[in-house]
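Dear colleague,

Here is the structure I promised to pass on to you.

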Amino acid sequence: MRLSADVVNNYKPIDEEYMNVLLSEEIAKNPKKIIVLDDDPTGVQTVHDIAVYTHWDKDSIRQGFAEEKHIFFILTNSRAFTEEQTIKAHNEIADVIEEVSKETGIEYIIISRGDSILRGHWPLETEILRDSFEKHTGKKVDGEIMCPFFKEGGRLTIDNVHYVRYGDELVSANETEFAKDKTFGYSAETLPGYVEEKTHGRYKASDVVCISLEDIHDMNIDKIESQLMSVTGFNKVVVNAISRKDVKVFCVALYRAMAKGKTFMFRSAAAFVKVFANIKLQPFLTREQMIFDNSANGGIIVVGSHTNKTSEQLEHLKEIKDIEFIELNANLVKDDEVFQAEFERCLKLEEKYISEGKTVCCYTTRALITADTGNKEDELRLAVKISDAVQNLVGKLNVRPAFVIAKGGITSSDIGVKALGVMRAYVLGQIGPGIPVWQTGNRSKWPGIPYVIFPGNVGEADTLKEMTQKLLG
């Protein structure tokens with residue numbers, strides 16, 4: 001399904017100032033710690049001045065509970081996991097959270113932050129979290145809130161259809177390249193249909209509770225609250241939204257329903273988190289707010305994502321003449337010795353250019369590499385070898401760069417956790433719409449450098465170029 005982007009003008013305006021007052025009042029009554037489990041590092045696309053933990057040991061989660069802010073993130077990177085790994089990680093996280101909660105006396109709310117294009121281990125992740133919560137607390141989870149809206153990425157939900165914006169047109173997500181994902185693909189056009197498809201019919205499309213844009217723009221909070229009060233049996237609630245103001249209206253009703261005893265699990269994109277936690281707007285970061293030292297070294301950009309948008313952005317980046325481009329020939333991956341020599345060639349060039357004050361962009365061959373055997377396990381092994389080489393382009397650097405940009409969800413996770421060794425990072429904010437920046441913590445490979453996490457599916461053709469130019473100054 002396709003719509004003109006002008007359709008967003010068909011709805012009544014919302015009194016945002018009034019909603020801000022109502023939302024602040026409701027949030028002030030709820031002392032629970034908000035814990036966001038992020039299935040890749042892009043979930044902090046809308047927040048700032050918040051801690052992100054990359055491990056879920058007891059010390060890390062205890063530190064998260066002790067954070068001054070009422071919210072913190074745990075990076076699971078589970079979108080890159082197998083189902084078995086996902087089950088193990090989420091059971092571990094849920095158990096430790098509950099243990100720390102009992103020790104501290106602080107109750108909590110868990111949000112499962114997933115891709116705004118509906119990819120990831122759903123419903124597996126939220127079902128594990130529900131089972132654990134019910135086991136530990138003896139309370140029933142009444143329902144699951146689903147809000148994939150993410151305006152910064154052009155993701156809008158209208159009449160229960162989730163859309164991706166391409167220029168002046170809105171295209172239903174099921175018609176995009178993202179819905180054809182080999183691991184997490186889907187065909188349903190509507191979100192209730194998506195629920196039925198992904199749960200294999202355990203939850204029927206006809207039973208999904210849908211919060212309409214009409215009720216939201218009429219600010220019919222009592223009706224929305226009544227809908228939420230009716231939810232039982234872990235039934236799903238789909239939230240239609242075309243702006244942050246819409247989510248605010250919904251969250252007022254949501255907090256009121258929770259205050260009356262309703263318990264929900266959450267599967268959302270980044271925008272919901274910002275509103276639910278009442279995080280205020282902040283201007284995009286300037287170069288001076290990101291780069292704190294006066295190093296003469298250049299920065300490094302690593303491009304791993306293979307989406308069409310990323311490849312297009314890479315071509316536009318090449319218009320910057322001051323950047324040195326290094327292609328890692330992934331076609332050589334089937335020969336260990338030859339591929340190792342190729343990696344070392346790239347690494348040597350990186351160190352030379354960065355130490356000379358030049359920024360480098362390292363990118364993999366754009367064509368996807370497949371195994372000659374046609375065996376999926378063989379293809380996975382090749383993909384892992386390429387992924388390891390990509391993160392080691394940063395991890396084995398002996399020269400401290402002025403900044404690091406990673407393009408792609410899995411790429412940015414591997415570089416953040418494995419290459420940079422980040423245990424705890426501080427989210428400075430966003431360099432551009434939907435593009436967060438971490439400041440690496442004291443226990444990382446290079447403390448205090450800006451790490452730009454650039455999702456593979458965000459931005460226009462020249463966005464990577466523009467963000468790099470901002471860092472170059």
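**Aromatic rings, charges and a pocket**

Tyr255, Phe266, Phe272 and Phe276 are joined into a cluster by ring pairs, where rings of Phe, Tyr and Trp (its six-membered ring) pair if their centres lie within 6.5 Å, and planes under 30 degrees apart count as stacked, over 60 as edge-to-face and the rest as tilted. Please keep in mind that this is a predicted model, in which local features need pLDDT of at least 70 and side-chain atom pairs count only at pLDDT 80 or more, while totals for chains, interfaces and linings use all residues. Residues are numbered from 1 along each chain as its sequence is written, and side-chain values use heavy atoms, with hydrogens and water left out.

Searching the whole structure gives 10 aromatic pairs. One of them is stacked, because the rings of Phe272 and Phe276 have centres 5.3 Å apart and planes at 20°. These two residues are 4 residues apart in helix α9 (residues 270-276), so about one helical turn separates Phe272 from Phe276; helices (H or I, at least four residues) and strands (E, at least two) are DSSP runs, numbered from the N terminus. Phe272 is buried at 0% relative accessibility, and Phe276 is likewise buried with a relative accessible area of 0%, where buried means under 20% relative accessible area, exposed over 50% and partly exposed in between (1.4 Å probe, protein chains only).

Trp438 and Tyr451 make an edge-to-face pair, with 5.8 Å centre to centre and 75° between the planes. This pair links distant parts of the chain, since Trp438 belongs to strand β18 (residues 435-440) and Tyr451 to strand β19 (residues 450-454), 13 residues apart. Both Trp438 and Tyr451 are buried.

The charged end of Arg130 sits over the ring of Phe234, 4.6 Å from its centre, by the criterion that NZ of Lys or CZ of Arg is within 6 Å of the ring centre and within 35 degrees of the ring normal. Arg155 lies over the face of Phe178, at 5.9 Å from the ring centre.

The second largest pocket is lined by 25 residues, and Glu152, Gly153, Gly154, Arg165 and Glu460 lie nearest its centre. On a 1 Å grid over the protein atoms alone, a pocket is an open set of points where a 1.4 Å probe fits, with protein on both sides within 12 Å along at least five of seven lines, and lining residues have an atom within 4 Å of a point. To the lining of this pocket β8 gives the most, with 3 residues.

With best wishes
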